[in-house]
Amino acid sequence: MIALLHRRSTSTAGNAARIFALVFVFVFVTSGQAFAGGEGGGLPPDAPVLFNIGPLPVNNSMVVTWIVAAVVIIGVQRAMRRKQEVPLGGQNFVEWLVDGLHGFLSQIMGRDLAKNTFWFFGTIFLFILATNWAALLPGVGTIGFSSQEVEGSRVFTHHVEKPLFRGANADLNMTSAMAVTFFFWWVIWALKSNGPVGFFKHIFAPKGKSEGVMKVMMIVIFAIVGVLEVVSILFRPVSLSFRLYGNVYAGETMLESMQGLVPWLGWLIPVPFYFMELLVGLVQALVFMLLTSVFTLLICEHHEEHRHDEHGDDHGHGGEKKADAH
Amino acid sequence: MLSILAQLTGNLHIGLAALGAAIGVGIIGMKAAEATGRNPGAAGDIRNIAIILAALVEGIVFFAIFLAKGQ
């Protein structure tokens, strides 16, 4: 697993610097105070603080974030250290990953938009995937400090109150940092491709052609729809962060409660759920990337309409032809 | 009957949201499978749309869990 993580990473040389810079931004944005709250038993919703560096409290999910980021960065650097014409081993893996992601994104967003924004979506996918899977490693969430006595009958369910590591996406600070970073870039990309007036028009102006009284009505209706649109846009970072946090946190809690379900089978029952969590980790990384890229596409589409249509038509015709053949 | 209903407590809103979302995701999966069967060439696009929609539906449950106030 660790060996896998070493290679699970980013980038061709051009994008590498920007991707690393972004990972660092994530790491430092997540350095906030732990999310308040707490209940007895199970995984606490807030990550416990391990120690302080000056005024900065360091909690266990931050430690995992730093480790995962360092592993990703060093892994990619090592894989791309000696570049060859015909890639082998680590370089081959990294190139396959980045190339596949890039192809996937340009299929969704169109080639130009994908080229400009790939550094963000590629990073976000690989980083979420790496943190989700790192949270499943043995020792994460199980090694740490506890104030409880060890109960003899329930050896495997002994609860660690202050684990050294915690799945980084099981902390709302991490996911909301990523969602807010996306929102920031979304506004920048929207302004870049539409301009300030175009951005405003894209949200509030009526679409389609109409005449006379209908036109006035359309303007009023689309202005009201625009208000709804603004609300839904402002809600996007909230829903993005809660979705990822909720999934990962629920997964951790489920693994823990499965362990305690039947005391003497605590080592066996969670195993199938570990496989499910592997799948959930991949799907949630995919969902975060897909949703953010579709949001970006929706606001930037305007500009690249025919170019996008060309790609879309290609796929559409291919599909229809195949369907006709049947 | 009513007195039994009146005794219901706990995080009912989460259960109801999960019920609705489960039905919704089920319908999305059913229709995605049907659409793929009808037009296998568009399987990739259908998969993307299905994942996105399932994620949007799923988000409702997390709103219910974290944003709505339970007793």
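Where in chain A is the place of Val262(A)?

A: The model is a predicted one, and what follows describes it as such. Val262(A) is found in the loop between helix H7 (212–259) and helix H8 (270–300) of chain A. With a relative accessible area of 27%, Val262(A) is partly exposed, because a residue counts as buried only under 20% and as exposed only over 50%. As to its position relative to another part of the chain, the C-alpha atom of Val262(A) is separated by 41 Å from that of Ile74(A), and the two residues are 188 apart along the chain.

Asn247(A) lies in helix H7 of chain A. Its relative accessible area is 12%, so Asn247(A) is classed as buried. Not counting residues up to four places away in sequence, Asn247(A) touches Val280(A) and Gln284(A), and also Glu58(B) and Phe62(B) of the other chain. With Glu58(B) there is a polar contact between the two side chains, at 3.4 Å.

That contact belongs to a wider interface. In the contact between the chains, 16 residues of chain B meet 22 residues of chain A. The size of an interface is often given as the accessible area lost when the parts come together. Between chain B and chain A this buried area is about 1,500 Å², and carbon and sulfur atoms give 76% of it. Helix H3 (residues 43–66) of chain B supplies the largest share of the side of chain B that touches chain A, namely 11 residues. Sorted by class, that side of chain B holds 9 nonpolar, 4 polar and 3 charged residues. The interface has 2 residue pairs in polar contact, both at pLDDT 80 or more, while the count of salt bridges between chain B and chain A is 0.

Side chains of opposite charge can pair when their charged atoms come close. Over all chains the structure holds 1 salt bridge. The side chains of Lys31(B) and Glu34(B) form a salt bridge at 3.5 Å, N to O. Since Lys31(B) and Glu34(B) are 3 residues apart in helix H2 (residues 12–38) of chain B, about one helical turn separates them. Lys31(B) is partly exposed, at a relative accessible area of 45%, and Glu34(B) is likewise partly exposed, at 36%.

Returning to chain A, the helix that follows the loop can be considered next. Helix H8 spans residues 270–300, and the backbone oxygen of Ile299(A) lies 2.9 Å from a polar atom of the side chain of Asn194(A). Asn194(A) lies in helix H6 (residues 172–204) of chain A. The relative accessible area of Asn194(A) is 14%, which means that this residue is buried. Leu191(A) also lies in helix H6, but at 37% relative accessibility Leu191(A) counts as partly exposed. Between Leu191(A) and Ile299(A) there are 9.3 Å in space, C-alpha to C-alpha, although the two are 108 residues apart in sequence. Leaving aside its neighbours within four places in sequence, Leu191(A) is in contact with Pro196(A) and Phe199(A).

Chain A has 9 helices and 4 strands, which follow one another along the sequence as α-α-β-β-α-α-α-β-β-α-α-α-α. Of the 326 residues in chain A, 44% are buried. Among contacts in chain A between residues at least 6 apart in sequence, 72% join residues at least 24 apart.

The strands may be illustrated by one pair. Strand S1 (residues 49–53) and strand S2 (residues 56–59) of chain A run antiparallel and are joined by 4 bridges. Within this pair, Val49(A) has Asn59(A) as its bridge partner in S2(A), and Phe51(A) stands opposite Val58(A). S1(A) and S2(A) form a hairpin with 2 residues between them. In the turn, Gly54(A) has a positive phi of about 60°.

To return to the part requested, Val262(A) is a partly exposed residue in the loop between helix H7 and helix H8 of chain A.

Conventions. Residues are numbered from 1 along each chain as its sequence is written. Chains are lettered from A and ligands numbered from 1 in the order in which they are written. This is a predicted model: local features need pLDDT of at least 70, side-chain atom pairs count only at pLDDT 80 or more; totals for chains, interfaces and linings use all residues. Side-chain values use heavy atoms; hydrogens and water are left out. Contact means heavy atoms within 4.5 Å. Buried area is the accessible area (1.4 Å probe) that two parts lose on being put together, summed over both. A salt bridge is a side-chain nitrogen of Lys or Arg within 4 Å of a carboxyl oxygen of Asp or Glu. A polar contact is a pair of N or O atoms within 3.5 Å; within protein, one must be able to donate a hydrogen and the other to accept it, and residues adjacent in sequence count only if both atoms are side-chain atoms. Ala, Val, Leu, Ile, Met, Phe, Trp, Tyr, Cys and Pro count as nonpolar, Asp, Glu, Lys and Arg as charged, and the others, Gly among them, as polar. Two strands pair if DSSP finds at least two bridges between them. Buried means under 20% relative accessible area, exposed over 50%, partly exposed in between (1.4 Å probe, protein chains only).
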